Amino acid sequence: MNGAQAVVQTLVGCGVTTCFANPGTSEMHFVAALDAVPEMRGVLCLFEGVATGAADGYGRMTGTPAATLLHLGPGLANGLANLHNARRGHTPLLAVVGDHATYHKRFDAPLESDVDALAWSVSGWVRRSARSEDAPADAVDAVAAALRPPGQVATLILPADVTWTDGAEPYVPRPFPLRRPSPVPDEQIARTVDALRGVGDAGRRTTILLGGAGLRRPAIEAASRIAARTGARVLAETFPARHERGAGIPNVDRLAYLVEFAAHQLADTSLLILAGASWPVSFFAYPGKPSTPLLPGAQVHVLAEPGDDVPGALAALADLAAPDAAPSVQAASRPDLPADGELTAESADTIIGALLPEGAIVSDEANTSGLWLPGATVGAPPHDWLSLTGGAIGQGLPLATGAAIACPDRPVLALEADGSAMYTASALWTHAREGLDITTVIYSNRAYAILNMELERTGAPVTGTTARDLLDLSRPDIDFTALAASMGVPATRATTTAEFASQLGRALAEPGPHLIEADVSPRG
Ligand SMILES: Cc1ncc(C[n+]2csc(CCOP(=O)(O)OP(=O)(O)O)c2C)c(N)n1
């Protein structure tokens, strides 16, 4: 067997069965190995940012890594932004990157670059295989590293001659060297109980901030029990990788994106308990505004780090602090369909809340147009919400791709702002090629709307029209229905609430990919 065949066989043996690929010449033996090992599903992505974002979506939904196949430094560089989002979301992900043959590197051929440096910028583990016979064991270490709690990007660099040289054997250790999340020590739980008891004076409050595995149903239920008994408030980190929500699950509001709003949410918080979440910080600095929404002097207590057993810690805390309390679950409720009229972001969000199917996976990159989504969907049937973990836009359509491949029996809804959609629009081609059940809604407001707001907030002096022009997506208007149709995704445009409701209902009822361009541009 050559190195590539042995690596692919090894990956399959380790449970890595999907590879999102955009290959080149140095990866041809890896590509050929996919024929030799049919258990590995190869998915062609037409841009590396689609491949990396899809692997992120897959990892978020399965908890196991998908592989990417990327072409040397430039291919990896094209995929970096979505690897950055995966890093922020603690997604288990295996980035396989091809490189020049070992003996060819010194010739400094045109595609030569510092692959390792690029890889380290987003990976918690990087290794370059030196010999074909070592590559399978390297692949095992890579998968184990990707799965190391709470999950991370592991990059395996495969020089071309390592993949083509014979003499390699697949290698799958039994048992697989899997690390489990660290249990939180009893003393730490007991200290948290004490901390909870210490707060309670008038006007002072405890907030439990959930993140990572803390936003899955059992953990949310435990946090809700604690809240019911102690009066603590429960909030979710601002951009969770995966948040289970909807009817029957306790509702957890997210900490706001804008630091002023987040500060308002935390205004009476004197104790913040972190359970799988990081310390809250402002997304950006602004002249004269604070970098954290926490009050000066507020105490921060870490119950569980992201790599700890966060649900276990919350359950243990609930058993001590609230032994007989029940979680307060969200009642089923849906907004009514709005009366017919002009479509706006708000009415589109309301319609999505009215129609969201049970078990849906929502890839949310709606940005400013999604302001009304949390309220509109709070009592919808149970669903998963995936958000923009690292702030690097262009994630939503790829993420939906990976989620749909991970969960073929669940409907996927990609809610996309138009500017963000254009970064990785070629994901639509993969939606069609793979026949994925993804309904994409494009909120076409023909602007980088959030940056119009940020222009004001930063106080940058605007003296002419050029600045605003750089934030405007008209002239020409983008025709998303033609764009989608050109890549094999049936598409419609809605300008009224009635059109949007009927098009969304139809798209959700029919299997396969669909796109609806929701015209929410300001009129008049
Ligand atoms: C990779 C990357 N490039 C650029 C940005 C800066 N940025 C933040 S929001 C934004 C525009 C968003 O526009 P759109 O997706 O249409 O959403 P809207 O603001 O209109 O709701 C840009 C360019 C970013 N966050 N990430």
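**Entry 1: charged pairs within helices**

I began with R457, which forms a salt bridge with E454, the closest N and O atoms being 3.1 Å apart; I took a salt bridge to be a side-chain nitrogen of Lys or Arg within 4 Å of a carboxyl oxygen of Asp or Glu. Both R457 and E454 sit in helix 18, 3 residues apart, about one turn of the helix. For helices I used DSSP runs of H or I with at least four residues, and for strands DSSP runs of E with at least two, numbered from the N terminus. R457 counts as buried at 15% relative accessibility, and E454 counts as buried at 8%. Buried here means under 20% relative accessible area, exposed over 50%, and partly exposed in between, with a 1.4 Å probe and protein chains only.

I note for the record that this is a predicted model, in which local features need pLDDT of at least 70 and side-chain atom pairs count only at pLDDT 80 or more, while totals for chains, interfaces and linings use all residues. Residues are numbered from 1 along each chain as its sequence is written, and side-chain values use heavy atoms, with hydrogens and water left out.

Next I looked up R60, which forms a salt bridge with D56, where the closest N and O atoms are 3.0 Å apart. R60 and D56 are 4 residues apart in helix 3 (residues 48-62), so about one helical turn separates them. R60 counts as buried at 7% relative accessibility, and D56 is buried with a relative accessible area of 0%.

**Entry 2: charged pairs elsewhere**

Which residue forms a salt bridge with E517? I found R446, with the closest N and O atoms 3.8 Å apart. E517 lies in strand 18 (residues 514-519) and R446 in the loop between strand 16 (438-444) and helix 18 (449-458), so the pair ties together parts that are 71 residues apart in sequence. E517 is buried, and so is R446.

I also recorded a network of salt bridges that links D99, K105, E112, D116 and R128. A search of the whole structure finds 27 salt bridges.

**Entry 3: backbone geometry**

Most residues other than glycine have a negative phi, and most peptide bonds are trans. R446 has a relative accessible area of 17% and is buried. D108 is not a glycine either, yet has a positive phi of about 50 degrees. D108 lies in the loop between strand 4 (93-99) and helix 6 (115-120), and counts as exposed at 56% relative accessibility.

For peptide bonds, I noted that the one from P149 to P150 is cis, with omega near 5 degrees, and that P150 has its place in the loop between helix 7 (135-146) and strand 6 (153-159). A cis peptide bond also joins R475 and P476, with omega about 0 degrees. P476 lies in the loop between helix 19 (466-469) and helix 20 (480-486).

**Entry 4: the ligand**

How many residues surround the ligand? I counted 17, the closest being T368, G391, G419, S420 and I450, where a residue is near a molecule if one of its heavy atoms lies within 4 Å of it. An oxygen atom of the ligand is 2.9 Å from an N or O atom in the side chain of D418, and an oxygen atom of the ligand is 3.0 Å from an N or O atom in the side chain of N367. From the backbone, an N or O atom of G419 lies 2.8 Å from an oxygen atom of the ligand. The protein covers 77% of the 590 Å² of accessible area that the ligand has on its own, an area from the Shrake-Rupley method with a 1.4 Å probe.

**Entry 5: nonpolar cores**

The largest nonpolar core has 47 residues, of which F20 and L76 touch the most other members; such a core is a set of buried Ala, Val, Leu, Ile, Met, Phe, Trp, Tyr and Cys residues joined through side-chain atoms within 4.5 Å. Helix 15 (residues 396-406) gives the most to this core, with 7 residues. Leaving aside residues up to four places away in sequence, I found that L76 touches L70, H71, L83, V97, V115, L118 and A119, contact meaning heavy atoms within 4.5 Å. A second, separate core of 33 residues includes C19, M40, A135 and V162.

Terms used. A polar contact is a pair of N or O atoms within 3.5 Å; within protein, one must be able to donate a hydrogen and the other to accept it, and residues adjacent in sequence count only if both atoms are side-chain atoms.
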